Amino acid sequence: MTAAPAKQLDLTPPPVLKTLAQRSLIVGVVFAIVAVVLALKNPAEFYRAYLLAYMLALGIALGSMAIIMIRHLTGGGWGVVIRRIQGAAMRTLPLLAALFIPVILGIHKLYIWAQPLDQIEDKHLREHLKDITQTYLTTNGFIYRAIFYFAIWNLLSYLLSKWSKEGDKPGAPDNTNRFKAVAGPGLILYGFTVSFAAIDWVMSLDPSWISTIFGLVVLIGQVLSAMCFAVVIERILYDYKPMSEMLTPDFVHDHGKWMLAFTMVWAYFNFSQWLIIWAGNLPAEITYYMRRLNGGWGYVGLFVVIFHFAVPFAMLLSRPFKRDIRKLVWLAAWLLLMRYVDLFWIIEPNFSKTFNVTVADIIVPVAIGGLWLAYFFRNLGALPLLPAYDPSAIEVLEPEHHHGGA
């Protein structure tokens with residue numbers, strides 16, 4: 001049975017989205033041209049900066065998909081009001097699949113295990129890689145697993161998007177049970193595929209290091225990025241109808257609570273990894289932190305601890321702060337910047353023993369970000385900002401009777 005909207009609203013996306021898409025595309029193309037020049041001049045710096053930027057954009061897309069599935073399992077208007085925002089981010093996965101090609105092309109520049117063993121100076125690492133490069137860390141295996149990950153992610157995105165679009169038309173079927181049937185197994189698949197992708201694409205940058213919790217560290221960073229990104233976009237839309245009429249302080253409060261929860265879990269996973277590795281004091285594990293506590297990297301790590309966790313945590317404890325979108329958006333934007341810094345701290349020390357920021361570390365993320373945002377805004381402007389004939393829409397259209405908190 002189809003639920004009709006409780007009150008008639010013009011749910012058409014505001015024209016500003018088209019303007020934002022055009023401006024993002026211009027910025028992306030201009031910086032992409034500069035990035036290509038940098039790639040020709042210094043391929044090694046380009047590829048490491050590319051991987052950094054790619055993981056940030058991918059995290060927002062996959063984290064958005066995860067939050068959509070969480071909402072389908074838990075309910076609540078907080079997820080309905082931002083479903084189309086996160087759906088637009090999720091539907092950038094085909095673009096991100098194409099943007100993964102440069103990572104494959106630069107595999108020999110990024111991953112030491114992809115290089116000929118006789119070119120590796122460290123004999124202990126060379127011995128370590130003899131077995132693993134014949135079983136798991138192979139170029140073909142790396143590519144085939146990436147194809148498998150993207151196939152799973154795009155399939156989940158397709159199903160969630162297809163049923164969501166049906167809610168835009170009168171007489172739409174109630175897909176609540178379908179959403180739940182996909183969201184449950186989908187979250188499990190998301191957890192496993194993201195964990196293995198994190199091992200393949202990031203942890204294998206240093207094949208001598210292992211961490212069983214690293215996949216969860218990357219995963220929680222993705223959902224935190226996605227929620228912060230949704231808050232930034234809903235703030236942009238809040239100046240226009242229909243978001244100005246749909247977004248209530250209660251929904252904003254819920255988004256702030258999710259930000260607080262994800263920030264705390266991010267800190268917990270990172271501290272757990274540090275505590276276990278430091279207590280174990282094993283050569284195969286401790287090198288990760290030894291490299292990141294020396295050569296100036298320790299200051300970056302301290303900056304992340306204070307401004308990725310301590311300060312945001314203290315600010316998010318305030319209820320009035322979490323209910324004010326005009327205040328919350330600044331913290332959300334800051335945390336997105338901190339997600340870049342955190343990924344920088346994870347990836348870059350594999351290539352440089354001393355703290356160093358290159359031009360590519362700035363140019364390439366702006367290039368990928370511009371192109372990704374152009375596609376995102378295009379997606380967001382293609383559908384109404386609310387699936388009006390979905391049964392869950394009434395939780396936004398009549399929040400005073402149907403509000404579900406986080």
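The model is a predicted one, in which local features need pLDDT of at least 70 and side-chain atom pairs count only at pLDDT 80 or more, while totals for chains, interfaces and linings use all residues. Residues are numbered from 1 along each chain as its sequence is written, and side-chain values use heavy atoms, with hydrogens and water left out.

**Entry 1: a helix pair.** I looked up how α11 (residues 214-237) packs with α17 (residues 325-347), and found an angle of about 145 degrees with the axes 8 Å apart. The crossing of α11 past α17 is left-handed, a term used if the near helix is turned anticlockwise from the far one by less than a right angle. Taking contact as heavy atoms within 4.5 Å, I listed the residues that meet, including F214, L224, F229 and R235 in α11 and I325, L328, L336 and I346 in α17.

**Entry 2: salt bridges.** I counted a salt bridge where a side-chain nitrogen of Lys or Arg lies within 4 Å of a carboxyl oxygen of Asp or Glu, and by this rule the count comes to 10.

R235 is buried at 17% relative accessibility, whereas D239 is exposed at 51%. In the bridge between E245 and K241 the closest N and O atoms are 3.5 Å apart; here E245 is partly exposed at 35% and K241 is exposed at 59%.

The side chains of R84 and D168 pair at 3.1 Å, N to O. This bridge links distant parts of the chain, since R84 is in α4 (residues 83-90) and D168 is in the loop between α9 (139-166) and α10 (176-201), 84 residues apart. R84 counts as buried because its relative accessibility is 3%.

Entry 3: What share of α4 is buried? I found that 8 of its 8 residues are, among them R83, I85 and M90. R83 turned up again when I looked at F179, whose contacts, leaving aside neighbours within four places in sequence, are H72, R83, L160, W163, S164 and D390. F179 lies in α10 and is buried at 2%, and its C-alpha atom is 8.0 Å from that of L73, 106 residues apart along the chain.

**Entry 4: P365.** I placed P365 in α18 (residues 360-381), where it counts as buried because its relative accessibility is 16%. P365 and A32 are 333 residues apart in sequence and 9.4 Å apart in space, C-alpha to C-alpha.

**Entry 5: a surface patch.** F271, W274, L275, W278, M290 and L293 form a nonpolar patch with about 580 Å² of accessible area together, the areas coming from the Shrake-Rupley method with a 1.4 Å probe. Patch residues have over 30% relative accessible area and no salt bridge, and nonpolar side chains (Val, Leu, Ile, Met, Phe, Trp, Tyr) are joined within 5 Å. Helix α13 (residues 249-280) gives the largest share, 4 residues; L275 is in α13 and is partly exposed at 42%.

Key: Patch = residues over 30% accessible without salt bridge, like charges linked within 9 Å, V, L, I, M, F, W, Y side chains within 5 Å. Helix = DSSP H or I, 4+ residues; strand = E, 2+ residues; numbered from the N terminus. Buried < 20%, exposed > 50% of the residue type's maximum accessible area, 1.4 Å probe, protein only. Axes fitted to C-alpha atoms, helices over the stretch in contact; angles between N-to-C directions.
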